[in-house]
Amino acid sequence: MDYLFALQNIREAAPSFINYFFLFISEITLYLGALIAANFYWSINKDDGAYILMGYAGAFSVNEFIKNLACVNRPWILDSRLHIDPVAKGSATGYSFPSGHTTIATSFFGGLALTQRKKKGLSIFFLVLILLVAFSRNWLGAHTLKDVLVAICHTSLMICLVCVLRYSLAKNPAKDTLVMALALVISITFLIILCVKKYPMQYDAAGNLLVDPKKMLEEAFKSTGTATGFFLGWWMERHLVNFEIPDNTKKRVLRSVIGSLILLLWLFLISKTLKFLGAYTYYFIKYFVTFFFMMYIYPLLFSSITKVYKYV
């Protein structure tokens, strides 16, 4: 905790724009990484993009499983002398260990750094982004050092596992059915375990619940929706579409721009119409559709248009 105390003292004496800078670095990764990986998949390097997204889907599921099993409270709950910066309070809810933001940054930017390792400058840039996001969570008081380090470690292990799977599938593509089936079984099993386990019911001095287990389960439904949407869409694209990336730069850019706009429209506007279904169903559908669209629906659309019109 001494590390967080030191950062807190510096943060309180620093200009407020620094806190907003670290909040921006922390929050932008939630969407920027996914968009970059999706565009890699659609328009730059299909395999690289697919396996970066696979690393994220796996790491997100593992992170939420650990977080809901460990039930470690946030730093300011563990020690009342600590407090989170107000600008970051809205995004620092629920349990603390491991850091979700750091997991997301490591999965996307770690995967990008690995695939772009021949371009050393770009690879280093992505690695620096991971460290900046991890540090930002400490700077803002949202996580302990242990939270971000464990997130980096378990996500790095997931990236290594994905590399092994990639090598194995390159030699024996038919194994993708087994990979897809195992991933779905594991993800759904994680969700069932988290739904039936008992959560600690802790209250503050005013009698308010410190962490609402129902809210934490929302994150589990998000991760399950992500994993099931990704792996089902990934397998279906491999077997039913098998799209190709065009040589023409204009066609690649058009494909990326249209796909990104549809994805953003869904995430920030259309999906909100489903909130009447209840939080758990809403979050599962939102994340399932997001990744199923990325991996299968959109490739099916632009592949079909390409075959008909020959210009997209």
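Mentor: Ala, Val, Leu, Ile, Met, Phe, Trp, Tyr, Cys and Pro count as nonpolar, Asp, Glu, Lys and Arg as charged, and the others, including Gly, as polar. The model is predicted, so local features require pLDDT of at least 70 and side-chain atom pairs pLDDT 80 or more, whereas totals for chains, interfaces and linings take in all residues. Residues are numbered from 1 along each chain as its sequence is written, and side-chain values rest on heavy atoms, without hydrogens or water.

Trainee: Which residues lie nearest the centre of the second largest pocket?

Mentor: A pocket is an open set of points on a 1 Å grid over the protein atoms alone, where a 1.4 Å probe fits, with protein on both sides within 12 Å along at least five of seven lines, and lining residues have an atom within 4 Å of a point. Here 21 residues line the second largest pocket, and Leu161, Leu165, Ala183, Ile186 and Phe231 lie nearest its centre. The lining comprises 16 nonpolar, four polar and one charged residue.

Trainee: Which helix gives the most to that lining?

Mentor: Helices are DSSP runs of H or I with at least four residues, numbered from the N terminus. α8 gives the most, with seven residues, while α3 (46-70), α7 (145-171), α8 (176-196) and α9 (213-241) each supply at least two.

Trainee: How many aromatic pairs does the whole structure hold?

Mentor: Rings of Phe, Tyr and Trp (its six-membered ring) pair if their centres lie within 6.5 Å, and planes under 30 degrees apart count as stacked, over 60 as edge-to-face and the rest as tilted. The search finds 24 aromatic pairs; Trp42 and Tyr298 form an edge-to-face one, at 4.8 Å centre to centre with 70 degrees between the planes. Because Trp42 lies in α2 (residues 16-44) and Tyr298 in α11 (residues 279-309), this pair ties together parts 256 residues apart in sequence.
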